[in-house]
Amino acid sequence: MENQEYIINGDMAFNNSQFDEALKNYQKALEIDSNNQYLLNRVGSILIPMGRIDEALDCFKKAKDLDPDNGDIVFNYGNACFYAVICAKVFDMFDSFLFL
């Protein structure tokens, strides 16, 4: 399959909330073009609700490095950083309650 077909299939799955299928297609497309900021941004957006925060941050950082003026990427990267901090604080609070 051509890279564009993986992207189209990924976009269709993404738009239909079939995120596992979208992720598979986007990852196959990234194997062909690992510097595609659109794909990196999409993959990061899928990984966040899956709880795979560190992987999502890596995707957004790479996408931002490739296209630093892309507002969508900067916005998503900022949200992921914010979410990562909130998750870390929640985990810290949970740990502190365990030791009360």
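The exercises below, each with a worked solution, concern a predicted model.

**Exercise 1. Helices α1 and α2**

Determine how helix α1 and helix α2 are oriented relative to each other, and which residues meet between them.

Solution. 
- Step 1. Locate the helices: α1 covers residues 3-15 and α2 covers residues 19-32.
- Step 2. Take the axes, which come within 8 Å and cross at roughly 160°.
- Step 3. Angles over 145 degrees count as roughly antiparallel, so α1 is roughly antiparallel to α2.
- Step 4. Read the handedness: α1 passes α2 in a left-handed crossing.
- Step 5. List the contact. From α1 come N3, Y6, I7, N9, G10, D11, A13 and F14, and they meet F19, E21, A22, N25, Y26, K28, A29 and I32 of α2.
- Step 6. Sort the residues of this contact by class: 9 are nonpolar, 4 polar and 3 charged.

**Exercise 2. Helices α3 and α4**

Carry out the analysis for α3 and α4.

Solution. 
- Step 1. The axes of α3 and α4 cross at roughly 155° and come within 8 Å.
- Step 2. With the cut-off of over 145 degrees, α3 is therefore roughly antiparallel to α4.
- Step 3. The crossing of α3 and α4 is left-handed.
- Step 4. On the α3 side the contact is made by Q37, L40, N41, V43, G44, S45 and L47; on the α4 side, by E55, A56, C59, F60, K62, A63 and L66.
- Step 5. The classes in the contact of α3 with α4 are 8 nonpolar, 4 polar and 2 charged residues.

**Exercise 3. The surroundings of F60**

Decide whether F60 is buried or exposed, and find what F60 is in contact with.

Solution. 
- Step 1. F60 lies in helix α4.
- Step 2. Buried means under 20% relative accessible area; F60 has 2% relative accessibility and so counts as buried.
- Step 3. Leave aside the neighbours within four places in sequence: F60 is then in contact with N41, G44, S45, I48, I73, N76, Y77 and A80.

Conventions: Residues numbered from 1 in each chain as written. Predicted model: local features only at pLDDT ≥ 70, side-chain atom pairs only at ≥ 80, totals over all residues. Heavy atoms only, no water. Axes fitted to C-alpha atoms, helices over the stretch in contact; angles between N-to-C directions. Helix = DSSP H or I, 4+ residues; strand = E, 2+ residues; numbered from the N terminus. Parallel < 35°, antiparallel > 145°, perpendicular 65-115°, else oblique. Left-handed = near helix turned anticlockwise from the far one by under 90°. Contact = heavy atoms within 4.5 Å. Nonpolar A, V, L, I, M, F, W, Y, C, P; charged D, E, K, R; others polar. Buried < 20%, exposed > 50% of the residue type's maximum accessible area, 1.4 Å probe, protein only.
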